[in-house]
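Q: I have a model open and want to talk through what holds it together. Can we start with the charged pairs and go from there?

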Amino acid sequence: MKQRIHLPGYRRDDVEVDPPYLYPDYASTQTRAPKQPLVILPHTLTEVTGPVYGHDRIGELDHDLTRQHEGEPLGERIILHGRVLDGDGRPVRNTLIEIWQANAAGRYHHVVDRHPAPLDPNFTGAGRCITDDEGRYRFITIKPGAYPWKNHPNAWRSAHIHVSLLGPAFATRLVTQMYFPGDPLFYQDPIFNSVRDPEHRGLMICEFDLSETVPEWALAYHFDIYLRGREATPMESE
Ligand SMILES: [Fe+2]
């Protein structure tokens, strides 16, 4: 007799909150958005369990993007910190959070970045850390510059930091971009505006945080991140 296995599942993406695959103002979505309706696959054991990352894989300075080279990078040093929470507001502990970003001049340390701005030999622009028991994370980095892209005439990306959260399992992985308050480029940035609800867009903007700002050293910004929560109703699979 065939044995039935009951597996917990994770809540699916919120289609009202997340940007659509096709957003015509963001030109490259016109070629890469799926043309057919998506096929929703059931979560299997692989998605609802691993991968799990241990502390031993994270280097001591992985969270400090200003100390990964001989000298200090140029630009405005900042502290970026916050908490990772699940859809029910509970801290997501011991989870991998990764960031990547342009340098202070708006250039990525990447071969395909041809923006005629200087590379910084002391800045790679990638960091990672593991959240603590309260779901907290903390990075030291440099405020990224705006950079041009060819989406539309005179198009510039709002300053942003890319963020990846693994969450408790691969099915909960979230990749997003974090923005800075008061950026004058928001109104013409179709990636930012592809999140259609202004309230939801606001959730991608960090807040200046004087309480964590270190005198004579660095401004702090606070950014909490919410992953989807664990669905109470288990899925069934055969
Ligand atoms: Fe970017």
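A: This is a predicted model. Start with Arg157 and Asp189: their side chains form a salt bridge, 3.0 Å from N to O.

Q: Where do Arg157 and Asp189 sit along the chain?
A: Arg157 is in strand 7, residues 155–157. Asp189 is in the loop between strand 9 (174–179) and helix 3 (190–193). The two are 32 residues apart in sequence, so the pair ties those parts together.

Q: Arg157 and Asp189, buried or exposed?
A: Arg157 is buried, and Asp189 is buried too.

Q: How many salt bridges does the structure hold?
A: Eight. Some share partners: Asp86, Asp88 and Arg90 are joined into one network that way.

Q: Which residue does Glu134 meet in a salt bridge?
A: Arg83, with 3.8 Å from N to O. Glu134 lies in the loop between strand 4 and strand 5 (136–142), while Arg83 lies in strand 2 (residues 77–85). They are 51 residues apart in sequence, so this pair also ties parts of the chain together.

Q: How accessible are Glu134 and Arg83?
A: Glu134 is partly exposed, with a relative accessible area of 38%. Arg83 is partly exposed as well, at 29%.

Q: And what does Arg77 pair with?
A: Glu72, through a side-chain salt bridge of 3.0 Å, N to O. Glu72 has 49% relative accessibility. That counts as partly exposed, because exposed means over 50%.

Q: What about the rest of strand 8?
A: Six of its six residues are buried, so strand 8 is largely enclosed by the rest of the structure. Both faces are covered. His160, His162 and Ser164 are on one side, with Ile161, Val163 and Leu165 on the other.

Q: Which way do strand 8 and strand 9 pair?
A: Antiparallel, over six bridges. Ser164 has Val175 of strand 9 as its bridge partner.

Q: And how many bridges join strand 8 to strand 3?
A: Four, and the two strands run antiparallel. Trp100 stands opposite His162 of strand 8.

Q: How does strand 3 pair with strand 4?
A: In the antiparallel sense, over five bridges. Glu98 stands opposite Arg128 in strand 4.

Q: Arg128, how accessible?
A: Its relative accessibility is 23%, so Arg128 counts as partly exposed.

Q: What separates Arg128 from Val163?
A: Their C-alpha atoms are 9.5 Å apart, while the residues are 35 apart along the chain. Val163 is one of the buried residues of strand 8.

Q: Where is Tyr21 found?
A: In the loop between strand 1 (5–7) and helix 1 (29–32). Tyr21 counts as exposed, at 55% relative accessibility.

Methods
Residues numbered from 1 in each chain as written. Predicted model: local features only at pLDDT ≥ 70, side-chain atom pairs only at ≥ 80, totals over all residues. Heavy atoms only, no water. Buried < 20%, exposed > 50% of the residue type's maximum accessible area, 1.4 Å probe, protein only. Pairing = 2+ DSSP bridges. Salt bridge = Lys/Arg side-chain N within 4 Å of Asp/Glu carboxyl O.
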